[in-house]
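This briefing concerns a single protein chain and is arranged by topic. Please consult the sequence and the structure below alongside the points that follow.

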Amino acid sequence: MDYEQLPSLSIITHEQRTTSSPDSDRDAMQILRHTSLYYAHGDIALSAQYSDTVKYIFRVHRLFLTHHSEVFQDKIEALARDDGLPVEEYDGVPLLVLDNEDSSDGVASLLEVFYDVSSLPRRLAAEQRADLPLQLCGLLDISTRYHVQGVVSTIKDHIRKEWPVTLRGWEVRQLEFDSTPILHDVLPEAVSAIQFATEYNIPSILPAAFYLLSITPTNSDWRDQIPKSNVSSARWFSLDDSNAVRFAKGRDAMIAFYLDEAAKLDPGQDQYGFNMLSTHPRCKCDYSPLLLELRLLAVNRHLDCLRALSILSDRCKHDHKLCTSCMTRMRTHFQHMRTEIWKKLPDFFIVREDGNRITWNA
Ligand SMILES: [Zn+2]
């Protein structure tokens, strides 16, 4: 995944124990022991890359590794196999050199879960909601590679539950938006969620995440820190090409649907000037200000149409002086529009589920 900024996944304090002298050879690999995951009685050492010039050594108990991961079990069995080659050791125990893709941060976060399974729910609860997908992708990657299914499913479920899948659920979030000064305390940043969902195949996130992105002003860029405002912002430059196309097409399709549905509200008039669709006898309600307002709202390219229709529904009695029959008809149609817009989000944003995979009807 290509993000603007990938934060460290684990807070590690480091202590240099054994290394070549910094003065002796600047290019030499620095070998550092991990301070919290280096157990004196551990029976196996793991080395993982931190950077091009730094590796960390973990000294742990193989029982924890093999209990949680068959991949670790295979690697350890391969290490112990007598193939005539001496087993590499570190500090008196066998050394398992991990692949470069297993960063020391990722290994540390996985080992923390192995030693204390309850640390994962605590971590999930403690992470800042706004950046949750980014915070967890490192642990999810390494858990996937090492077939630690419990961690994979726990993380995916947690992220999945962050995003509403029903209009009612979205309305609850909207109430939360209104009662908090910081919008991203309520929902994660949309672009990282979309990239996360496509990378890890969690399609249920996408309709709400694309909708959130569609109501985010494109000039509202996510900076290095979580924005302290109730205006949504996004990592616009991290949206990959395919998702950018889906976003642009989806927003246009959604606004087009909104305008089409709004046009259906014009009842037309009979030859005597009475509204043709009203059940109210001799209704001459003037719809034009309301219809004009509906159309003008769509000039805003990041229109929150679900919210706008809800507000209009509340206002159509007093601000537009409609008769009871017309007001009921308007409100029913506004609610129909909101329901249909929510239902059609996967169509607008070209999200399809084919079996268990996300596919794109591009
Ligand atoms: Zn009327």
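In this predicted model, helices α10 and α13 cross with right-handed geometry. The points below treat that helix pair, then a set of paired strands, and finally the confidence of the prediction.

**Packing of α10 and α13**
- Helix α10 spans residues 241-263 and helix α13 spans residues 324-348; their axes lie 10 Å apart, at an angle of about 150 degrees.
- Because angles over 145 degrees count as roughly antiparallel, α10 is roughly antiparallel to α13.
- On the α10 side, the contact is formed by Gly250, Ala253, Met254, Phe257, Tyr258 and Glu261.
- These residues meet Met337, Ile341, Lys344 and Phe348 of α13.
- Classified by residue type, this contact comprises seven nonpolar residues, one polar residue and two charged residues.

**Strand pairing around β6**
- Strand β6 (residues 93-97) runs parallel to strand β3 (residues 44-49), and three bridges join the two.
- Within this pairing, serine 47 has valine 97 in β6 as its bridge partner.
- Strand β5 (residues 89-90) is antiparallel to β6, with two bridges between them.
- Glutamate 89 is placed opposite proline 94 of β6.
- The hairpin of β5 and β6 has two residues between the strands, and aspartate 91 adopts a positive phi near 55 degrees there.

**Confidence of the prediction**
- The chain has a mean pLDDT of 83, with 81% of its residues at 70 or more.
- Over residues 1-26, pLDDT remains under 50.
- For that segment, the model has 40 contacts beyond four places in sequence.

Definitions and conventions
Residues numbered from 1 in each chain as written. Predicted model: local features only at pLDDT ≥ 70, side-chain atom pairs only at ≥ 80, totals over all residues. pLDDT = per-residue confidence, 0-100. Contact = placed C-beta atoms within 7 Å. Pairing = 2+ DSSP bridges. Helix = DSSP H or I, 4+ residues; strand = E, 2+ residues; numbered from the N terminus. Axes fitted to C-alpha atoms, helices over the stretch in contact; angles between N-to-C directions. Parallel < 35°, antiparallel > 145°, perpendicular 65-115°, else oblique. Left-handed = near helix turned anticlockwise from the far one by under 90°. Nonpolar A, V, L, I, M, F, W, Y, C, P; charged D, E, K, R; others polar.
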